[in-house]
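Keep the viewer open as you read.

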Amino acid sequence: MFRVVSLVLFSLVSSGLTYCSPFSNTFSVPVTNDIKIVDITPQKFSVRDFKRIKEYFNGGREYYGHKCIVRDDPANRGGLYFIVNFNKPLTELPSNIKVNIYLIFKEKLEAEKFSFKLPNKRPSFTAEAYLGITSRNLSKSDINAWKIELIGANGDQLALHESYMWPKEM
């Protein structure tokens, strides 16, 4: 049974059709290049989750380790983060790219946009980026739907991933 499901999913992916993973509630929309957003995990983090012992020895400067962490308010560490996993290491992504996160909140019908510029100097050995909305106090339950797109330096869309609840255009 698993083999049949795997073959069906593989044929959908290789044909370039939009597919829904049976193990998540998201849609991955293929774009014309080889960069793909594999998975997205929204997660709430506190300030303590990012505090490392190394900060006490380097003068209080935040230590990222092997993580790429970008926040809409760099002064605040706590907030709702979208952990975005790509199909290749971050060092293989083009330079000067940004990620747009569109959120539809429960109290609004229109999407609100949050933009993050990925640094050109990225940690090796990781394919995930932590994109933090730290300018407000949000939780996963505040959000009805989300869409995340990777934008190249020339403005082209490199990858797109959206939640199952994102409105589909007719």
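Before counting anything, a working rule: rings of Phe, Tyr and Trp (for Trp, the six-membered ring) make a pair if their centres lie within 6.5 Å, and the planes decide the label, with under 30 degrees called stacked, over 60 edge-to-face, and the rest tilted. One thing to keep in mind throughout is that this is a predicted model. With that rule, a search of the whole structure turns up five aromatic pairs.

Start with Phe45 and Phe50. Their ring centres are 5.2 Å apart and the planes meet at 55 degrees, so this pair is tilted. Both of these phenylalanines are buried. Tyr130 is buried, as is Phe45. What does this pair tie together? Phe45 sits in strand S3 and Tyr130 in strand S8, so the pair joins parts that are 85 residues apart in sequence.

The charged end of Arg71 sits over the ring of Phe50, 4.9 Å from the ring centre. Elsewhere, the charged end of Lys147 sits over the ring of Tyr102, at 5.1 Å from its centre.

Phe50 leads us on to another arginine. The backbone oxygen of Phe50 lies 3.4 Å from a polar atom in the side chain of Arg77. Where is Arg77, in a strand or in a loop? Arg77 is found in the loop between strand S4 (68–71) and S5. Is Arg77 buried or exposed? Its relative accessibility is 14%, so Arg77 counts as buried, the cut-off for that being under 20%. If you list what Arg77 touches, leaving aside neighbours within four places in sequence, you get Val47, Phe50, Lys51, Glu55, Gly60, Glu62, Arg71 and Thr134. Notice that Arg71, whose charged end sits over the ring of Phe50, is on that list of contacts of Arg77.

Val47 is on the list too, and worth a stop of its own. Val47 is placed in the loop between strand S3 (37–45) and helix H2 (54–57). With 46% relative accessibility, Val47 counts as partly exposed. Apart from neighbours within four places in sequence, Val47 is in contact with Arg77 and Gly78. Val47 and Asn76 are 29 residues apart along the chain, and their C-alpha atoms are 7.7 Å apart in space.

For another stretch of the chain, go to Ala145, in strand S9 (residues 143–151). At 3% relative accessibility, Ala145 counts as buried. Which residues does Ala145 touch, not counting those up to four places away in sequence? They are Tyr102, Leu103, Ile104, Ser163, Met165 and Trp166. Tyr102 is the residue whose ring has the charged end of Lys147 over it. Ala145 and Pro167 are 22 residues apart in sequence, with 8.2 Å between their C-alpha atoms.

Most residues other than glycine have a negative phi. Asn96 has a positive phi of about 55 degrees, although it is not a glycine. Asn96 lies in the loop between strand S5 (79–86) and strand S6 (98–105), and at 41% relative accessibility it counts as partly exposed. Phe125 also has a positive phi, near 70 degrees. The place of Phe125 is in the loop between strand S7 (112–117) and strand S8 (128–133). Phe125 is exposed, with a relative accessible area of 77%.

Finally, zoom out to the whole chain. The protein chain has two helices and ten strands, and from the N terminus on they run α-β-β-β-α-β-β-β-β-β-β-β. Of its 170 residues, 38% count as buried. Among contacts between residues at least 6 apart in sequence, 69% join residues at least 24 apart. As for the surface, the protein chain exposes about 10,200 Å², and carbon and sulfur atoms supply 56% of that area.

Methods. Residues numbered from 1 in each chain as written. Predicted model: local features only at pLDDT ≥ 70, side-chain atom pairs only at ≥ 80, totals over all residues. Heavy atoms only, no water. Helix = DSSP H or I, 4+ residues; strand = E, 2+ residues; numbered from the N terminus. Buried < 20%, exposed > 50% of the residue type's maximum accessible area, 1.4 Å probe, protein only. Contact = heavy atoms within 4.5 Å. Areas by Shrake-Rupley, 256 points an atom, 1.4 Å probe, with all protein chains shown as cover. Polar contact = N/O pair within 3.5 Å; in protein donor to acceptor, adjacent residues only side chain to side chain. Lys NZ or Arg CZ within 6 Å of the ring centre and 35° of its normal.
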